[in-house]
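Please keep the sequence and the model in view while reading.

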Amino acid sequence: MDTNQTDPTQPAPLLAPDKGKATTPDPPTAQGRTHERTRRERLRSLVLPVLLAALGLSGALIAWRTATANEAAAAETAAGVAAERAKSRAIVVAEGEVARTLEAWLDYERDRREAQALTAHGYPAEALREWSSSASVFFLVDPRYLDIDGHYDPQRHRDGLMADAASREDFDPLPHYVAADAEHERVRRLVLAGLLVAAALPLLTLAELTRGRVHRLGALAGLAVFASGLVLAGLVWL
Amino acid sequence: MSRLRRAGGRLIGAWRARLTEDADASRAALALVLALLTFASAGIAGLQIEAGIRSARAAREAETIGAREVGRDVSARLQTSTDFGVYRRYASALFDRAWASREMPEESASSRALRARIADIDRELEPWVRRQSPLLLPPYFDEAANTVDYAALDADRNVGPAVRALEEREARAAEAADWGARASGYVTTLTVMAVALFFLGLATTMSGVARPVLAVAGLAFGLGAAAAAALITAAPHATVPAAAIDAVVESRKNASRADASIADNVLGDAGRELWQAAVAAADQAVAAAPDHASAYLARAEARIGYANDIVFSPGGDPAEAEPLLAAAMDDFRRYVADRPDSYVAWWNYGWAAYLAGEDRLAIEATDRALALSPEQFTLYLNRALARLSAGEREAAMADVRTAFEVAARSALDSNAIYLANVDYNLGRLVVLRPAQADELAAVQRRTREAAVALRLGRAPGEAGAPIELSLLELRPYHITPEGRLQPGDPIAEGTTIKAAEVVGFRLALSAPSAPRSVISVRVWVDGVPEAAYQTDRPWPSAARQTSLELVSPYGRMAQDVETGSYVVEVFLDGVTRGRHTFRVEAAEDAPAAFALDAPTLRLLLSQNRMTCSAPTSDDRGATTADCQTTGVDADRALTARIEGGADGSIRRLLASGPSAGEVGKLTRGFMGIVAQLVTPAAFAEDAARWVETSAPQSRTTIGAISLMLRSTDDRLELELVPAEAP
């Protein structure tokens with residue numbers, strides 16, 4: 001029996017064994033090759049279901065992040081409105097003090113001027129009465145807010161009181177509103193990312209159901225859209 | 001049809017050809033539809049989130065405007081209050097200066113100097129004081145008339161910004177509500193979409209006839225939801241143009257000023273112009289935003305305000321108000337269609353209908369207002385009037401009873417205001433609707449008693465103690481220069497007195513036994529309740545008689561009482577016990593006989609080598625001052641006696657001096673100068689010439705002055721008195 005004879009039932013080897021050379025490892029057997037192909041096909045067939053599962057998971061994560069960003073925006077908005085209310089309250093308190101001071105100042109200044117004039121014109125007794133009268137309201141006058149001519153400056157007083165109040169309480173709604181707007185912007189981008197991820201679903205489903213060119217196109221397009229959604233979500237995540 | 005079927009067949013064929021070998025074509029199609037609808041759901045969820053964001057932002061803006069406005073509005077009103085404080089000081093300084101200048105001649109030289117100095121200081125301070133308040137600066141201060149236009153300042157500083165903030169806040173709130181409604185709409189479509197996905201998911205697991213049924217149902221729900229989402233997205237947004245807000249603000253400002261322009265309920269030309277401007281501005285608002293409910297409300301309220309002032313202005317012609325009332329009702333109808341929960345709109349709608357004579361509509365609209373706000377007692381009174389007009393007397397009186405029960409238990413701050421308004425309006429309605437005059441007068445009586453009872457903390461309608469109370473007499477009060485009140489002759493019921501020098505009234509009352517009750521007196525002038533005369537006090541213990549001073553603060557400063565028809569009513573524990581009516585007429589203006597007043601003449605003489613005594617005054621305030629040449633014996637002195645009235649005018653002037661010798665010539669010259677001084681310029685020379693050339697015992701009238709020259713022993717005397725009116 002010629003040992004060199006080929007078995008027509010067996011596939012031809014890709015390379016003929018070269019005598020005299022070191023022997024190469026044995027080529028896979030037909031059974032092994034089939035097994036390999038089956039394994040590869042099985043792996044390949046798992047790609048789309050895994051992608052679809054990943055899509056579902058990423059969709060859920062994006063939705064969660066959107067919810068937290070929305071919550072943060074709501075909290076910042078509430079803080080901004082609270083700051084606005086606090087500012088309003090402080091404005092009213094300051095205005096009350098300015099009103100009281102202005103009225104006291106009018107009395108003080110009038111009496112003081114009269115007292116000065118009476119003194120200058122030789123009416124000390126009458127002047128004393130006016131000095132006493134002006135002194136009686138002086139405790140309501142804050143000399144820090146008298147200008148160089150000695151006149152009361154209500155606006156400076158107002159500003160001073162507001163600055164003082166602002167050192168004790170958050171009055172500035174703007175940073176909160178800016179933060180809320182930033183969170184809303186994040187929400188919008190996450191929604192866009194979520195839409196891209198969701199758009200991959202019909203494409204990957206199509207790929208999963210079909211074969212040939214439609215399958216390949218669907219898979220490629222689905223993967224691309226999904227990936228871009230993930231990238232966008234990743235970019236806006238933090 | 002067959003072509004369509006063939007195309008469908010080809011499509012299905014192509015679909016099948018591209019499917020994997022083991023795929024079930026229909027299930028695969030369902031899976032694809034499921035995926036597509038899931039994507040669509042994600043899109044709708046995105047729209048829902050976007051709508052939520054926009055709603056949140058608009059709501060935030062509305063909240064911000066509201067919070068900011070509270071601070072602005074309260075501080076603006078505080079500033080206005082301070083402005084009044086500044087004005088009070090300014091006015092007080094003016095009065096002080098005027099008083100000082102009147103009193104100065106009476107005082108010593110040093111006192112005069114002191115007062116003059118103080119007046120100078122005040123005068124120097126005045127510009128600075130005025131700068132502290134816009135109320136004392138143009139355009140709110142009229143330099144010529146020395147008056148302030150508080151209504152204009154209030155409109156600019158308080159009303160306008162408050163209305164603007166309200167409008168803008170409402171616009172933002174409406175925007176937030178619009179986006180919120182869209183977000184809710186998207187949630188609904190998402191729910192429907194979930195049902196669609198449920199059916200389609202079920203269909204993929206079913207076989208046989210169930211699959212197509214479920215698939216069709218799922219598809220229908222899915223497409224329906226998608227279509228609804230598209231419609232929600234495409235729906236137009238309700239926005240309010242800035243021009244409409246500006247116009248509403250203008251309308252409200254004008255209406256506020258028009259309201260304030262009413263003096264004694266009389267609608268003047270200024271008031272008319274302001275109301276017309278308010279209506280015109282609201283017209284512009286409606287034109288700029290035909291769907292803006294607030295514009296219709298502004299116009300409706302301007303129209304009803306104008307119509308109300310016409311109807312209730314004394315002598316007003318209700319026919320003139322008819323077109324305004326009809327148009328106001330149209331606007332209210334339009335407004336309540338949008339805002340059916342506004343009880344204020346229903347309230348005014350009902351009032352407009354009543355004034356227009358639409359009693360049934362008035363009752364229905366007031367019913368709607370009462371359903372929304374049952375504690376507003378005025379609404380029961382309004383419905384009572386409409387029911388009276390509709391001939392439902394019993395129901396009307398039941399409403400009157402309820403009104404005062406509600407007023408007693410609710411103790412709303414508005415009670416006192418509305419009771420006074422209702423009282424006045426009822427008085428006018430008695431005139432306008434003679435057919436219902438008796439019933440209306442009865443309602444007015446109960447309103448007055450309720451107002452008194454509520455002030456005393458008693459339940460209206462409680463029967464008082466059966467005490468006889470007599471209104472003994474009512475006298476006018478005059479005021480002396482020293483500020484003492486001096487009663488005049490009794491005023492008989494139904495008579496007319498002159499307002500001249502009447503500063504108030506004295507009311508005497510008697511009871512057979514001393515009642516332990518609170519006595520209240522109220523005064524109405526031309527139907528308007530005069531709060532300045534309002535008096536409530538316990539009957540003096542053990543006394544059977546008592547008297548009350550009815551003098552307003554203006555009377556205390558010697559200002560004459562108002563002219564008009566007076567009604568004085570006396571209540572014991574909130575129950576009417578007496579009434580006195582009379583008229584006060586303006587005193588006829590006597591011609592200004594003398595060019596100077598008594599104090600000025602006295603000052604002039606004292607500055608020209610004469611010494612004048614301090615004026616003495618009698619009980620009526622009449623004054624007498626004597627002047628005489630300084631440092632000269634009495635028998636050789638030139639003298640002048642100045643008799644003045646309480647108002648300072650010269651009532652009689654006597655000038656005298658020796659008639660013989662050189663001094664006699666001086667006497668003629670002196671008398672001529674005096675006559676020239678006190679006579680109006682047009683007659684001054686004639687008067688001087690007559691005095692210098694006429695023989696003793698002559699008499700003449702020059703201008704409005706009677707002059708008489710007399711000779712007594714060795715003295716010559718000139719008497720000047722106002723000529724008697726022909």
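Two strands are said to pair if DSSP finds at least two bridges between them; helices (H or I, at least four residues) and strands (E, at least two) are DSSP runs, numbered from the N terminus. The model is predicted, and local features need pLDDT of at least 70, side-chain atom pairs count only at pLDDT 80 or more, and totals for chains, interfaces and linings use all residues. Residues are numbered from 1 along each chain as its sequence is written, while chains are lettered from A and ligands numbered from 1 in the order in which they are written.

In chain B, four strands make up an open antiparallel sheet with the order S4-S3-S6-S10. Its edges are strand S4 (485-487) and strand S10 (545-551) of chain B, each of which has a single partner strand, so one side of each lacks a neighbour in the sheet. On average, neighbouring strands here are turned by 30° against each other, direction ignored; the axes are lines fitted to C-alpha atoms, for helices over the stretch in contact, and angles run from 0 to 180 degrees between N-to-C directions. Strand S6 (residues 504-510) of chain B is joined to S10(B) by seven bridges, and the two run antiparallel. Within S10(B), Thr546(B) is the residue opposite Leu509(B).

Ser698(B) has Leu709(B) in S19(B) as its bridge partner. The two strands form a hairpin with two residues between them, and Gly703(B) in the turn has a positive phi of about 60°. In the loop between helix H19 (681-693) and S18 of chain B lies Gln697(B), whose phi, near 70°, is positive although the residue is not glycine. Gln697(B) counts as exposed because it has 9 C-beta neighbours inside 10 Å; a residue is buried if 20 or more other C-beta atoms lie within 10 Å of its own, exposed if 12 or fewer, and partly exposed in between, with C-beta atoms placed from the backbone.

Another non-glycine residue with a positive phi, about 50°, is Asp526(B). Asp526(B) is found in the loop between strand S7 (518-525) and strand S8 (528-529) of chain B, and its 18 C-beta neighbours inside 10 Å make it partly exposed. A cis peptide bond, with omega near 10°, leads from Pro138(B) to Pro139(B). Pro139(B) sits in the loop between helix H3 (109-131) and strand S1 (141-142) of chain B.

The two chains meet in a contact that takes 42 residues from chain A and 41 residues from chain B, where two residues are in contact if their C-beta atoms, placed from the backbone, lie within 7 Å. On the side of chain A that touches chain B, helix H1 (30-120), helix H4 (173-209) and helix H5 (212-237) of chain A each supply at least two residues. The largest share of that side, 21 residues, comes from H1(A).

H4(A) has 37 residues and reaches 54 Å from its first C-alpha to its last, close to the 54 Å expected at 1.5 Å a residue; the expected span is 1.5 Å times one less than the number of residues. Of the 37 residues of H4(A), 26 are buried, so this helix is largely enclosed by the rest of the structure.
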